[in-house]
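The following report describes selected features of one protein model, for use beside its sequence and structure.

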Amino acid sequence: MVAYSKRAGRHMKKQPVKPDVDAFQPPQQPAYYDESLNGWVLTRYGDVFAALHDPRLCVVDSHSEKVPGPEEVNAQRQLRAQTLKACSGKQIETWQLEFKELAQQRMARLRSSSARADIIGQFAEPWALDASLAVTRPDKNQCARLSALARTISMAAANPSDTSIREAAKAANADLAQCLESSPIPMSGPAFVALSQTLPGFLGNAWLALLRHPRQLEHMREERALMPAAIEELFRYAGLAHTLFRRASSTINLAGVTIARGDRVMLKLSFANRDPAQFVNPECLDLSRRNGPQLSLGAGMHSCAGGSLIRTLAGIATTCFVENVAGLDPAFPIEWKGGTGFRSPKALHVFLRRE
């Protein structure tokens, strides 16, 4: 393919793309420059995968307008290395025992009180908060405040175009960092938000997908060894993040286009995870799938530093879900929260299994 540049004038490829396309209807296509978004958009699996492995594409947030300098990039890499060390396999094994016990205790209390439950509000969210407190180790007397700050930050990520929420989130980030300054975990603020807010949001999406595919849910009950592969498929099919943002630190020829230094690049994870060139029948939930790694937690040097912990927690919670949930309660229609950044069910009312 011949590379082209956004500066190629009349030769520039035009693409009639809506920036907020539903993640469940992904239009994979060659990389293109979107004037309305002021950046390159990558939707195909191979293109996004290559971008995630390219060190010249620097991590930025959705509103950053500059390329991170060498000092900032080095600081990001050091934080990543420190986080990987803090979330070592040995440490995760220790946490795993604690989190599994907490999940079982919460579920036992829930089942003893009712045959119905909001499995998000009454199980996933409080259990995820337990996990976030155990990992970041704040003053537990500040639990309510920390949760409120994390919700504000998460709301801004879910609604990136809302400037009022963004300003509130900026202040909340600073307050959360101060509250967690003695935490033994690097990037303790983002870690607290990821565990207390992002994780239950993903679980809501994943569990709704399972409930809407009862044969797959039953398959998980029958084949417990399927869980690691099932979690990967659930991240592919129901992952929370739609887009990652990058800035090019130098001119790059990637995905058949020329990306100039300073250009903004948007990696559409949800589209890449539904690319039929990579995944057979991508619109189907297939817990036995083996054809390619999902990208919801990044890849390569840009993979989520806490990815192993997130996978472990998702597996613990989903095992508890599979063992104890019978099906959706039709008396409660699904309502959604979030926005163009990501969305998830506000609640998930279910019948609990009787044994």
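## Salt bridges

The side chains of arginine 56 and aspartate 54 form a salt bridge with an N to O distance of 2.8 Å; the term denotes a side-chain nitrogen of Lys or Arg within 4 Å of a carboxyl oxygen of Asp or Glu. Arginine 56 is partly exposed because its relative accessibility is 33%, whereas aspartate 54 is buried at 6%. In this report, buried means under 20% relative accessible area, exposed means over 50%, and partly exposed lies in between, computed with a 1.4 Å probe on protein chains only.

A salt bridge also joins arginine 221 to glutamate 218, at 3.1 Å from N to O. Both residues belong to helix H8 (residues 214-222), where they are three residues apart, about one turn of the helix. Helices (H or I, at least four residues) and strands (E, at least two) are DSSP runs, numbered from the N terminus. Arginine 221 is buried, with 13% relative accessibility, and glutamate 218 is partly exposed, with 34%. Glutamate 283 and arginine 274 meet in a salt bridge of 2.6 Å, N to O; glutamate 283 is partly exposed at 38%, while arginine 274 is buried at 2%. The whole structure contains 12 salt bridges.

## Basis of the model

The model is predicted: local features require pLDDT of at least 70 and side-chain atom pairs count only at pLDDT 80 or more, while totals for chains, interfaces and linings use all residues. Residues are numbered from 1 along each chain as its sequence is written, and side-chain values use heavy atoms, with hydrogens and water left out.

## Cysteines

How many disulfides does the structure hold? The number is zero, a disulfide being a pair of cysteine sulfur atoms within 2.5 Å. The sulfur of cysteine 87 has its closest cysteine sulfur in cysteine 304, 8.8 Å away, and this is too far for a bond. Cysteine 304 is likewise in no disulfide, and its nearest cysteine sulfur is that of cysteine 87. Cysteine 87 is buried, with a relative accessible area of 11%, and cysteine 304 is partly exposed, with 36%.

## Second largest pocket

The second largest pocket has a volume of about 380 Å³. A pocket is found on a 1 Å grid over the protein atoms alone, as an open set of points where a 1.4 Å probe fits, with protein on both sides within 12 Å along at least five of seven lines; lining residues have an atom within 4 Å of a point. Grid points are joined across faces, edges and corners, and the volume is the space filled by probe spheres set on the points.

The lining comprises 21 residues, and Glu125, Arg151, Ser154, Gln197 and Lys337 lie nearest the centre of the pocket. At least two lining residues come from each of helix H4 (120-136), helix H5 (143-158), helix H7 (188-211), strand S10 (336-338) and strand S11 (343-345). By class, the lining has eight nonpolar, nine polar and four charged residues. Here Ala, Val, Leu, Ile, Met, Phe, Trp, Tyr, Cys and Pro count as nonpolar, Asp, Glu, Lys and Arg as charged, and the others, Gly among them, as polar.

## Nonpolar core

The largest nonpolar core has 55 residues, and Phe99, Ile119 and Trp207 have the most contacts inside it. Such a core is a set of buried Ala, Val, Leu, Ile, Met, Phe, Trp, Tyr and Cys residues joined through side-chain atoms within 4.5 Å. Among the elements that give two or more residues to this core are helix H3 (89-113), helix H9 (227-238), helix H11 (307-324) and strand S12 (349-352). H7 gives the most, with 11 residues.

## Positive phi values

Most residues other than glycine have a negative phi. Asparagine 38, which is not a glycine, has a positive phi near 55° and is placed in the loop between strand S1 (32-34) and strand S2 (39-42). Asparagine 38 is partly exposed, at 45% relative accessibility.

Methionine 187 also has a positive phi, of about 55°. Methionine 187 is located in the loop between helix H6 (163-179) and H7, and is partly exposed with a relative accessible area of 37%.
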